[in-house]
Amino acid sequence: MKFAHSISLNASPDWQDYYIAYSQLKKIVYAVEKAMIGVAALPSSPHDLDGDQVEVVVDENRPLLGSTTPEEGAQFFRRALDEQLDKIVDFYTRKEREGFEEVESLLADVMNLEAFDVHGDPEAPSPRAADDSAVDRPPHINTSVHGTWPRRFNSNPQTHVEEPPIEEPSSPIWLSKAFKQHRIKFTKRAMDLFIVLCELKDYVELNYTGFSKILKKFDKVTAIKIRRQYMATKVDQAYPFRTVTKERLNDMIDKVVGVYARIHTDGKLSLALSELKSRLRDRIIWERNTIWKDMIEQERRRQTVALKPKDDAAKTKWIVVNVGGRTMRIPRLNAAGVKLLTSVLVLVGLLMFPVLDTPEQSNCFAILVFASLLWAFEALPLFITAILVPFLVVLLRVLRAPETCTDTSMTKACYRRLDAKEASRKIFSDMFGPVIMLLLGGFSLAAALSKHHIAKGLASFILGKAGSKPQSVLLANMFVSTFASMWISNVAAPVLCFSLVTPILRNLPSKSAYARCLVMGIALAANVGGMASPISSPQNIIAIGTMDPPPSWPQWFLITIPVVVIVDLLIWLFLLFVYRPSNASGAAPPELFSHNYFKEHPLTGKQWWVIGVSVVTIVLWCLESGMEQVVGDMGVVAIVPIVAFYATGILTKDDWNSMLWSVVMLAMGGIALGRAVDSSGLLHAITTSITPHLQGLSPFECMIIFSGLVLVMTTFISHTVGALIILPIILEVGKGLDDPRPNTLVMAAALMCSGAMGLPVSSFPNMNAISLEDPTGLPWVTVTDFMKVGLPSSVIAWFVLMAVAWPIMGWLGFQ
């Protein structure tokens with residue numbers, strides 16, 4: 001692994017800007033090399049190389065060699081190294097002073113508290129009076145913790161003390177129930193200090209390695225040997241890298257271990273060190289969960305494609321056929337190939353044997369069936385199928401345009417079939433509309449809230465209030481998952497929540513009922529959260545684009561918030577009934593739930609900007625109906641966070657490129673299919689054939705039928721795909737009822753898409769849950785858990801939707 005990547009993976013997230021700028025120094029090394037061989041001028045300052053690319057300007061009239069001497073190149077590079085070294089020295093000095101002051105404050109507070117006996121007598125002799133060496137004198141232990149850190153470098157350091165651990169008795173006040181709260185408070189302080197000081201120790205070693213490696217690279221690339229001299233005269237003499245500085249830091253770590261042992265492990269130093277190392281591992285995952293980041297990137301690559309990558313193509317099998325005495329090898333189709341071939345044959349058959357009145361309707365029906373089969377079979381990535389839709393729409397000429405009838409006796413409207421040029425302009429203009437801008441705006445909000453740890457901070461704050469009882473932890477995690485799904489989508493929310501409960505899961509045995517209950521609760525709550533806001537899931541965006549007129553944000557919240565809260569509570573009770581979780585078999589220590597993320601990491605100016613822009617955007621979305629004459633549509637409001645975040649550097653080009661473009665393309669393909677079904681007259685034909693069978697049924701009965709149909713369908717196929725196929729049909733059927741309630745039926749169906757959570761393939765939260773493994777490599781939950789809990793939870797959501805959402809929509813006058 002490149003060292004620049006090692007820094008990004010191993011650095012403390014809050015200190016990222018204060019590590020050696022290794023990548024920038026590499027650019028300077030190559031700039032010096034180019035200057036020495038005469039192909040580029042050496043910049044006047046190292047800061048001129050801050051951009052991602054350096055423009056090389058070649059002067060053809062200058063000599064090729066000798067434009068920059070080795071001394072000039074070395075001096076230029078030393079200037080850059082000196083700046084980095086000064087930055088590191090200043091930061092380390094400040095952090096060391098803060099840490100040492102905290103340690104001295106902790107020691108003083110502990111000594112003051114021990115001046116009181118159990119009965120609160122301030123005159124009682126202090127245990128420290130007899131022997132204060134347990135705290136004032138560094139305990140003689142090996143405090144090397146490198147073996148517990150997830151580092152790829154850092155060789156085993158020499159222990160600074162070789163004497164064996166000495167166990168000393170603790171003050172009796174720490175065993176008193178009256179001092180329980182003090183014990184918890186001081187234990188947490190000692191644990192936090194141990195982690196900070198260990199991070200500081202690792203900060204020194206990581207930067208020292210960085211200087212050594214970049215100087216080695218400079219010597220190799222430029223043939224100027226300055227590494228040994230610079231390391232000896234500059235780096236080794238700098239304050240953070242001096243031996244006496246490292247010894248002081250080790251002594252302070254020893255003091256913290258001694259205090260922890262005195263107040264928490266009855267003076268057992270070995271046990272104290274073991275517990276602190278364990279806490280260090282937990283907090284590294286809590287603070288620096290690179291697994292969470294990797295899973296987010298993995299989800300962005302795999303969203304809307306099959307759960308498992310198709311590896312069969314790499315293992316092609318052949319069928320040997322003898323034709324006319326000649327042997328031929330034909331590749332054998334795998335499962336995906338069979339599905340793709342079946343879909344193509346169905347498309348060809350429907351085109352050759354029309355089943356509807358007009359060629360536009362027949363061809364569009366063939367496209368609809370073909371796309372539905374590909375989406376259901378996942379024979380191709382879903383977004384690839386979506387891209388095929390506009391191609392087929394133009395190729396088969398299914399779009400029509402109304403025109404004036406020349407025959408005045410005709411009772412039906414007259415249409416003209418668009419040619420390929422007109423159809424291509426029409427379909428592409430329809431594909432990128434306000435719905436797509438709303439989707440991009442929602443993704444931008446999600447990216448900013450996640451990247452700048454605001455979502456994680458809110459989640460950890462709520463979990464910090466939950467305590468350690470399984471019932472409370474489960475409910476808190478479910479509400480966090482639902483709330484996060486409202487704003488960062490139900491695709492990313494479960495990944496965040498699973499990372500937050502990793503320390504809990506690690507302390508639970510395999511096949512623990514508590515663990516399975518927790519994993520299932522987060523996944524199901526994330527599905528429920530997909531109903532909560534207009535931007536919480538793609539199917540909600542599609543529903544808003546389908547409804548006429550679209551609902552306002554306040555209307556949406558008035559309908560969905562009661563639904564999601566009640567569904568979450570009922571699923572919570574059902575999970576407790578099924579799994580009966582207990583912390584008797586082991587759980588994460590209560591200290592994990594006592595952290596206030598925002599107290600430990602005060603909000604920065606960037607975070608306040610993200611919060612302000614997010615709040616303003618959401619308020620504008622809520623007020624959009626009253627500002628329609630100004631903004632026109634919610635998609636225009638979605639431009640606000642995009643500009644506010646990307647123009648100010650809150651989000652970067654990489655964040656834009658990492659957006660869920662597969663979902664965007666899927667939505668655009670769905671819009672194209674919907675426009676084609678409408679324009680071709682197929683939608684009218686389907687509605688005309690269905691409506692007679694619904695005569696006499698009330699809108700509520702139709703809502704039960706359609707939402708039940710959606711529940712069954714989206715249990716087996718993607719929620720988004722189900723919404724793309726069925727919502728336009730439901731809208732037209734709703735318009736044809738005796739009591740027209742099209743928007744009611746569409747919204748109920750869209751919400752039910754998120755409520756379908758009976759199988760692992762039903763949604764990304766479910767896929768993510770079943771992919772979680774315990775330390776032994778076994779999955780925490782299985783398909784049986786989804787059959788046992790997921791299917792009943794889907795039915796619960798269906799009943800709540802009928803019982804709660806219907807009367808609220810009627811009260812709001814929702815049509």
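Modeller: The protein chain holds 34 helices and 4 strands, where helices (H or I, at least four residues) and strands (E, at least two) are DSSP runs numbered from the N terminus. This is a predicted model, in which local features need pLDDT of at least 70 and side-chain atom pairs count only at pLDDT 80 or more, while totals for chains, interfaces and linings use all residues. Residues are numbered from 1 along each chain as its sequence is written, and side-chain values use heavy atoms, with hydrogens and water left out.

Biologist: What share of the residues of the protein chain counts as buried?

Modeller: Buried means under 20% relative accessible area, exposed over 50%, and partly exposed in between (1.4 Å probe, protein chains only). Of the 815 residues of the protein chain, the share that counts as buried is 52%.

Biologist: Why is the pair of W15 and Y203 classed as it is?

Modeller: Rings of Phe, Tyr and Trp (its six-membered ring) pair if their centres lie within 6.5 Å, with planes under 30 degrees apart counted as stacked, over 60 as edge-to-face and the rest as tilted; by this rule the count comes to 14 aromatic pairs. W15 lies in the loop between α1 (3-10) and α2 (22-37) and Y203 in helix α6 (residues 180-222), so that the pair links parts of the chain 188 residues apart. W15 is buried at a relative accessible area of 9%, and Y203 is buried at 0%. Because the ring centres are 5.9 Å apart and the planes stand at 90°, the pair is edge-to-face.

Biologist: How many residues apart in sequence are the parts that Y208 and F241 tie together?

Modeller: Y208 and F241 form a tilted aromatic pair, with 5.6 Å from centre to centre and 55° between the planes. Y208 is partly exposed, with a relative accessible area of 29%, whereas F241 counts as buried at 5%. Since Y208 lies in helix α6 and F241 in the loop between α7 (227-235) and α8 (243-264), the pair ties together parts whose separation in sequence is 33 residues.

Biologist: Which residue lies over the face of Y18?

Modeller: Y18 belongs to one aromatic cluster, together with W15, Y19, F91 and Y203. A charge sits over a ring if NZ of Lys or CZ of Arg is within 6 Å of the ring centre and within 35 degrees of the ring normal. At 5.8 Å from the ring centre of Y18, the residue over its face is R94.

Biologist: What is the phi of A223, roughly?

Modeller: A223 is found in the loop between α6 and α7, and at 59% relative accessibility A223 counts as exposed. Its phi is positive in a residue other than glycine, with a value near 65°.
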